[in-house]
Amino acid sequence: MNTDRRTFLGSGIALAGIASTIGIASAQDTSALAGAIHKHSLPALPYGYAELEPFIDAQTMELHHSKHHKAYVDGLNKAEAELAKARANGDFSLIQHWSKQCAFHGGGHALHTLFWQCMAPQSKGGGSLESSSSLLNGINTSFGTFELFKKQFTAAAIAVEGSGWALLHYRKDDDALIILQAENQHKLSSWNTVPILGIDVWEHAYYLKYQNKRADYVNAWWNIVNWNAVNNFYEQAKS
Ligand code: MN3
């Protein structure tokens, strides 16, 4: 089978997928569509819902993962399907709405996927940062000391206005680590940088256990940061 044939078959399968997603039945209609859609799915957690106790309670973890994160996955799939439908129909009257939905739900899906991986039970290494890690070296270079990094990151997390995130990003331009706040799932982003660590400070992430005491949640969260994973993200981003 030559490459052209494979490409043709591949896009045919993708178009059939779009057609079923957005409810277009006939083969003739699918020929009007442009572009394949990736169906996003909720990733499994690398630990049980109760394993981050006592720092994050099991009920919060279950709701956060199975309901909140799931809603972002569904929202992103829906928005991308609607944009495919708009391309097929040539009707872009709701382009602003669906573009915003893509940014919001896409941001939510990406950041939650990162968030789960950035945590681990203490029995599996949570809270321990190797003194020889390249990440610690990078943190010291960009922030002076680990303690100064931790103070800035904690302050950023506590001070996020409304719902959002504090994030550690790697910026390739100057080989630096920077701390950002994100409002909602996507606002205040910095371009051409890679997030390698993030804490969710939406109330759904902590309210059952910590109520309005966001600072207590942020301070407790340091005990379960999976520094091994963050170090891996850092090294991947640098390479
Ligand atoms: Mn959340």
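Predicted model: local features only at pLDDT ≥ 70, side-chain atom pairs only at ≥ 80, totals over all residues.
The secondary structure of the protein consists of 9 helices and 3 strands. Along the sequence these elements follow the order α-α-α-α-α-α-β-β-β-α-α-α. Of the 239 residues in the protein, 43% are buried. Contacts were also considered by separation along the chain: among those between residues at least 6 apart in sequence, 67% join residues at least 24 apart.

The search for empty space comes next. Rolling a probe the size of a water molecule over the atoms shows where such space is left. The largest pocket holds about 310 Å³ of space. Its lining is made up of 19 residues, of which G107, L111, Q185, S189 and P195 are the closest to the centre. At least two residues of this lining come from each of α4 (95–117), β1 (164–171), β2 (176–183) and β3 (193–200). Helix α4 makes the greatest contribution, with 6 residues. Both domain 1 (3–117) and domain 2 (123–238) take part, each supplying at least three residues to the lining of the largest pocket. By class, this lining contains 10 nonpolar and 9 polar residues, whereas charged residues are absent from it.

Helix α5, which spans residues 134–143, has a buried side and an exposed side. An α-helix has 3.6 residues a turn, so residues three or four places apart point the same way. In α5, the residues L135, L136, G138, I139 and F143 are buried. Viewed down the axis of α5, these buried residues fall within an arc of 160°, and therefore they line one face of the helix. N137 and T141, on the other side of α5, are exposed. The cover over the buried residues of α5 includes the helices α6 (146–159) and α9 (227–238), together with the strands β1, β2 and β3. Just after α5, G144 adopts a positive phi of about 100°.

Several loop residues show particular backbone geometry. The peptide bond from E53 to P54 is cis, with omega near 0°. P54 lies in the loop between α2 (27–30) and α3 (58–89). The loop between β2 and β3 contains both L188 and N192. L188 is not a glycine, yet its phi is positive, at about 75°. N192, also a residue other than glycine, has a positive phi near 60°. With regard to accessibility, L188 is partly exposed, with a relative accessible area of 48%, while N192 is exposed, with a relative accessible area of 56%. The cut-off for the exposed class is a value over 50%, and therefore the two residues are assigned to separate classes.

V201 is located in the loop between β3 and α7 (207–210). The relative accessible area of V201 is 0%, and this residue is therefore buried, a class that requires a value under 20%. Residues up to four places away in sequence being left out, V201 touches A157, V160, G162, G164, W165, Y206, R214, Y217 and V218. One of these contacts, Y217, is 16 residues from V201 along the chain, and the C-alpha atoms of the two residues are separated by 8.7 Å.

Methods: Residues numbered from 1 in each chain as written. Heavy atoms only, no water. 1 Å grid on protein atoms, 1.4 Å probe; cavity = no way out; pocket = protein on both sides within 12 Å on 5 of 7 lines; lining within 4 Å. Points joined across faces, edges and corners; volume = space filled by probe spheres on them. Helix = DSSP H or I, 4+ residues; strand = E, 2+ residues; numbered from the N terminus. Nonpolar A, V, L, I, M, F, W, Y, C, P; charged D, E, K, R; others polar. Domains from an automatic or database assignment. Buried < 20%, exposed > 50% of the residue type's maximum accessible area, 1.4 Å probe, protein only. Arc of directions from axis to C-beta. Contact = heavy atoms within 4.5 Å.
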